[in-house]
Amino acid sequence: MSAPDPSSLLVRYRLALPNGESAKARALGLACEQTSELTPDLVPASAEPYLGRVLGVESIEPGVALATIALPAAAAWGDLAQLLVLLFGNASLQPGVRVEAVEWPADLLARFIGPAFGIDGLRELAGVRERRALLCGAVKPLGLSSAELAERAGALARGGADLIKDDHGIADPPSSPFAERIARCQEAVTRANQKTGGSTLYVPNLAGPAASLAGRIERLREIGCRAALVAPLVLGLETVREIAAGSGLALLAHPALAGAFFSPAHGIAPEILLGDLFRMAGCDAVIYPHEGGRFPFPAAWSGALAAHLRGPLGGLRPTFPVPAGGIAAGRVPELLREMGPDTIFLIGSALYGAPDLERATAEVASAIRGRTE
């Protein structure tokens, strides 16, 4: 068997080994399952370069091993959907398999444009000249009318939020249809900006049937929206990649459905899925649940994810981490020290729990800007 191609992805899998199963046999089976779906003796010589290869197996505790497997990048050359299949397609159907780390070959990364704006570009869109963290508010809840949601968007903008996103559960409901809602909310944010001299961005939820997306993107541009909320695991990584490349909109990614991948013993490490793959798809900012909120998300996962979003990834622009998921307004100073200025803090329920939405937003915005008003 020939050596793996130097352009292969080197993937480290965590493998659970029940009933004394051989780690080497499990790793070999996974390498074959993820590529040829045949045992090596049945693979024709011409297809051998596409066969996954086990490079090493290491026992880390009783019944658990780490296997490093080389997977042929040519099996998913420039295609994020197929890349996800290559990493975890059939493996997702086997219990006790987790993608722990990936070394991406440079020639594969070079095939992706990544974020169109990135951290610096999104700062510029939001009119934030200084290097500081940003505040994102949320227009919610589902069930309010377009006028009611627009009123809340205006209050958030007047209070100093840098971005205001639709709640991801609000797509095109009868209570606030897409076209009506985005027009009213954008108008409310524009009026607030004119009053305060700010540059708050309204970030509508871009969701719906595939056939509707082009028309909805065009409508966003017509009314002056410069950003959109997308859920890459709902819309599809390749769909989001196409939007990022051709729409002219900055993309804020929501992690809907991602929790299904995040067991410590099965799935894909958050820094690979939400970090590397969402960034390769062109997301300029990625929302994720921060520890201490209403979702169980360990601090180590948060740190690794933020590092992957902002760190080197070929020539791709860095992406804003957006910790969220029940962040209390009083935690902002602590989180600023922990996360640093290249961060967007998404605060939703904590603002709505205050008696005055605009004032509550202004207080958090002041804390983020490092001043008391």
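The lining of the largest cavity has eight nonpolar, no polar and no charged residues. Here Ala, Val, Leu, Ile, Met, Phe, Trp, Tyr, Cys and Pro count as nonpolar, Asp, Glu, Lys and Arg as charged, and the others, Gly among them, as polar. The lining consists of Leu122, Leu163, Val203, Ala227, Ala250, Leu251, Leu252 and Ala285. Strand 9 provides the largest share, three residues. The volume of this cavity is about 30 Å³, and the structure holds one cavity of 30 Å³ or more. A cavity is a set of points, on a 1 Å grid over the protein atoms alone, where a 1.4 Å probe fits but cannot get out; lining residues have an atom within 4 Å of a point. Grid points are joined across faces, edges and corners, and a volume is the space filled by probe spheres set on the points.

The model is predicted: local features need pLDDT of at least 70, side-chain atom pairs count only at pLDDT 80 or more, and totals for chains, interfaces and linings use all residues. Residues are numbered from 1 along each chain as its sequence is written, and side-chain values use heavy atoms, with hydrogens and water left out.

Pockets were examined next. A pocket is an open set of grid points with protein on both sides within 12 Å along at least five of seven lines. The largest pocket has a volume of about 520 Å³. Of its 29 lining residues, His254, Pro255, Pro289, Phe295 and Gly325 are the closest to the centre. Strand 12 (285–289) and helix 13 (349–352) each supply at least two lining residues. Strand 12 gives the most, with three. By class, the lining of the largest pocket divides into 18 nonpolar, seven polar and four charged residues. Helices (H or I, at least four residues) and strands (E, at least two) are DSSP runs, numbered from the N terminus.

The second largest pocket holds about 230 Å³ of space. It is lined by 17 residues, and Arg132, Asp162, Gly198, Ser199 and Arg369 lie nearest its centre. Its lining has four nonpolar, seven polar and six charged residues.

Gly325, one of the residues closest to the centre of the largest pocket, lies in the loop between strand 13 and helix 12 (332–339). Gly325 counts as buried because its relative accessibility is 13%. Buried means under 20% relative accessible area, exposed over 50%, and partly exposed in between (1.4 Å probe, protein chains only). Leaving aside neighbours within four places in sequence, Gly325 is in contact with Gly293, Arg294 and Phe295. Contact means heavy atoms within 4.5 Å. The C-alpha atoms of Gly325 and Ile347 are separated by 7.9 Å, with the two residues 22 apart along the chain.

Two residues share another loop. Leu316 is found between helix 11 and strand 13, and Thr319 has its place between helix 11 (299–310) and strand 13 (320–324). Thr319 counts as buried because its relative accessibility is 0%. A polar atom of the Thr319 side chain lies 2.9 Å from the backbone oxygen of Cys283. Leu316 and Ile113 are 203 residues apart along the chain, yet their C-alpha atoms are separated by 6.5 Å.

Helix 10 supplies some of these partners. Eleven of its eleven residues are buried, so helix 10 is largely enclosed by the rest of the structure. Among them are Glu271, Asp276, Arg279 and Met280. Gly282 follows helix 10 and has a positive phi, near 105°.

Helix 9 (residues 237–246) has buried residues at Leu237, Val240, Ile243 and Ala244. They lie on the same side of helix 9 because they cover an arc of only 125° around the axis. The arc is that of the directions from the helix axis to the C-beta atoms. The face turned away from this buried side carries the exposed residues Glu242, Ala245 and Gly246. The buried residues pack against several elements, including helix 2 (80–88), helix 7 (210–222), strand 9 (250–253) and helix 10 (270–280). Just after helix 9, Gly248 takes a positive phi of about 80°.

Conventions
Polar contact = N/O pair within 3.5 Å; in protein donor to acceptor, adjacent residues only side chain to side chain.
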